[in-house]
Amino acid sequence: MIQTKNLSKKFVDNEVLKNISVDIPDQQVVAVIGPSGSGKSTFLRCLNGLEEISGGIVDVNGLIVDAFDAKKIRQKSVRSIRQQTGMVFQQFNLYPHKTALENVIEALLIVKVMKKSDAVSIGEKLLQRVGLIDKKDSYPSKLSGGQQQRVAIARALAMEPAIMLFDEPTSALDPELVGEVLTVIRELAEEGMSMIIVTHEMRFARDVADRILFMADGEIVEDATSEQFFENPRTKRAKKFLEKVIEY
Amino acid sequence: MNIVIENLPFLFKGAYYTLLITIISMFFGLIIGVLTAIARLKGNRLLQGISRVYVSIIRGTPPLVQIVIVYYGLVDYGITLGPLTAACIALSINIGAYVSETFRGAIQAIPSGQTEAALATGMSEQQAVRRIILPQAIRVAIPPLGNTFVGMLKETSLVSVIAVTELLRSAQLLVAQYYVYMPIYLSIGVMYWIMSTGFTFILNKVEKRLSVY
C-alpha cells in the first residue's frame, strides 16, 4: 500500500509537486497521465526516494519518509522502501558492462547477499518470464530497446517488490517495439502486481489500469477509475488533454 | 657504439630501475587517484577540500621540486629516505593527482541513470559506486590513463637528480667515464621509446579486453 500526505517537491523556487495526497491500495494498477512537465515522473521518483521530498509524507507499506525527519532517518527508510519497490526507467538504464542475466541478479548478490547459484536460478526464471532466456548471456548493447526494457523489468522483479513503478517505460522505444513491453506489463497486472505506471500510451492505460491519476501543474487534477476517466472526464483540463491526445 | 654494447648490461640495469619505479608509482598512484576522485565527488566537504588542495598543489608545482622536497626536504624533519623509496613516494603522489583528475572525468561521464538504477534496487551509494560506476569508469579512463603512464615512464628520468641509478643516470655515468655523448644518449632514447611502446601495447590489450560489451 502506498500513501502520500501533502507530498510536495520544490526545485529551488519551482514547485513541481503541490500537496499531493493519495492512497493506493495493494494490487491496484494505477496509470499516471498528464501533459509533460506536470510532475508525473517526479511524483513517481519521490515514492522511492530518487528525489528528495520537500514536504509531506510518503508511506510505502508502513515505511515512512517524512520531509521533516533528519536526513539519516529518511535515508534509512528510503533504502528499505527501495528494496520493496521495483523501478523501470524510460531509458532502461541497464548496466552495460553486465550481461542480461548479470543485470537481473546483481541486486540479489549485492543487496540480498544470495548464493550465486540461487540467484542465477531466480534470474533465469525471470528472464524466461519476459521471454528472453535465450539472451541471458548477451550484453545490453546487443539487445533491441524492447528487449533491454524487458530485461530491466526482470531486474526490477528480482527483488520481489511489493510494488512496481514504471516511469514512461515505452517512451524511448521504436513504435514496433512498444507492444512486447506492454505485453509483459499487462501480464504482471493480470497476476495481481501492484503498479504505478507513468505513461503516454492512452489505450494501454485504459485497458490495463484500474485507476487513473490525471496530473497537471504538479497537482492531481482528476482521480477516477479508468472507465470513468476516459468515457466521461469530470474536469475541463482532462477533457482538453484527452481531445488533444486522441486526435493524433 | 662498442662502448654502448660493452655496457649494455649496465644500461639494462638502469632500464630495470626505470621500469621498477614506473610500475610501483603507477600502482600506488592508481590507488591514490581513485580514492581522491571518489573523495572529491562523493565525500563530505572536508574530504572534498583536501582532495582539491592536493590536486592543485601537485599540478601546480614541478615534479622535480616535489622529488627534492621528499628526498632532501624531509631530512630536516628527521625523515631520511633511501633514494629509491623517495623516488617512488614522490612519483606516486605526483601521478595520483593526475590519475584522480582522469578518474573524476570518467566517473562523471557515466550517466546518472546508472546510479539511479542501482539505488532503485536497494543498493547503497557505496555499493553502486563499487559495482556499477567504477567498472564503467575504468573503461572510459583507460586511454587517458595510458597517456599519463607513458608520461610517468619518461618522468622517472627526473629522479636521476637524487642519485637513483635509473636509465638516464646510468647513461650519465657512462658519459662521465668515456666522454662519449651521442651513442650513449641515443641508445637510452631508443630504450625509453621501446619501453613506452611496450606500455602502450599492453594498455591497448587491456582496453580491448575491457570492451567486450
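Me: What counts as a helix here, and in which helix is the place of Thr102(B)?
Reply: A helix is a DSSP run of H or I with at least four residues, numbered from the N terminus. This is a predicted model, by the way. Going by that numbering, Thr102(B) has its place in residues 83-108 of chain B, and that helix is α5.

Me: Is Thr102(B) buried or exposed?
Reply: Thr102(B) sits in α5 of chain B, and leaving out residues up to four places away in sequence, its contacts are Ala141(B), Pro144(B), Leu145(B) and Thr148(B). The cut-off for buried is under 20% relative accessible area. Thr102(B) comes in at 15%, so it counts as buried.

Me: How many helices does chain B have?
Reply: Follow the elements of chain B from the N terminus on and you read α-α-α-α-α-α-α-α-α. There are zero strands in chain B. So by the DSSP definition of helices and strands, the helix count for chain B is nine.

Me: What share of the residues in chain B is buried?
Reply: First, some background: the C-alpha trace of chain B spans about 70 × 45 × 20 Å along its principal axes. Take the contacts in chain B between residues at least 6 apart in sequence, and 76% of them join residues at least 24 apart. As for burial, of the 213 residues in chain B, the buried share is 45%.

Me: Which element gives the largest share of the lining of the largest pocket?
Reply: About 860 Å³ of space lies in the largest pocket. Of its 27 lining residues, the closest to the centre are Lys71(A), Gln75(A), Arg82(A), Leu119(B) and Glu125(B). Two or more lining residues come from each of α1 (40-47) and α2 (71-84) of chain A, and α2 (8-42) and α7 (125-155) of chain B. With seven residues, the largest share comes from α2(A).

Me: Which element gives the most to the lining of the second largest pocket?
Reply: This pocket has a volume of about 180 Å³, and its lining includes Lys42(B), Ile107(B), Pro111(B) and Ile133(B). The lining divides into five nonpolar, two polar and three charged residues. Two helices of chain B, α6 (112-120) and α7, each supply at least two lining residues. The most, four residues, comes from α6(B).

Me: Which strands stand at the edges of the open sheet in chain A?
Reply: The sheet has six strands in the order β6-β7-β8-β3-β9-β10, with mixed pairing. From one strand to the next, the twist averages 15°. An edge strand has a single partner, so one of its sides is left without a neighbour in the sheet. In chain A these strands are β6 (85-88) and β10 (219-225).

Me: What is the bridge partner of Ile163(A) in β8(A)?
Reply: Strands β7 (residues 163-167) and β8 (residues 194-198) of chain A run parallel and are joined by five bridges. In β8(A), Ile163(A) is partnered with Ser194(A).

Me: What angle does the direction of α1(A) make with that of β7(A)?
Reply: α1(A) packs on the sheet, touching β3 (29-33), β6, β7, β8 and β9 (211-216) of chain A. Another helix, α2(A), lies across β6 and β7 of chain A and runs at about 75° to β6(A). For α1(A) and β7(A), the angle is about 150°.

Me: Which residue takes a positive phi in the hairpin of β4(A) and β5(A)?
Reply: Five of the six residues of β4 (residues 55-60) of chain A are buried, so that strand is largely enclosed by the rest of the structure. β4(A) pairs antiparallel with β1 (residues 2-11) of chain A over five bridges, and four bridges join β4(A), again antiparallel, to β5 (residues 63-66) of chain A. Val60(A) stands opposite Leu63(A) in β5(A). The hairpin has two residues between the strands, and the one with a positive phi, near 50°, is Asn61(A).

Note on methods
Residues are numbered from 1 along each chain as its sequence is written. Chains are lettered from A and ligands numbered from 1 in the order in which they are written. This is a predicted model: local features need pLDDT of at least 70, side-chain atom pairs count only at pLDDT 80 or more; totals for chains, interfaces and linings use all residues. Side-chain values use heavy atoms; hydrogens and water are left out. Buried means under 20% relative accessible area, exposed over 50%, partly exposed in between (1.4 Å probe, protein chains only). Contact means heavy atoms within 4.5 Å. On a 1 Å grid over the protein atoms alone, a cavity is a set of points where a 1.4 Å probe fits but cannot get out, and a pocket is an open set with protein on both sides within 12 Å along at least five of seven lines; lining residues have an atom within 4 Å of a point. Grid points are joined across faces, edges and corners, and a volume is the space filled by probe spheres set on the points. Ala, Val, Leu, Ile, Met, Phe, Trp, Tyr, Cys and Pro count as nonpolar, Asp, Glu, Lys and Arg as charged, and the others, Gly among them, as polar. Two strands pair if DSSP finds at least two bridges between them. Axes are lines fitted to C-alpha atoms, for helices over the stretch in contact, and angles run from 0 to 180 degrees between N-to-C directions.
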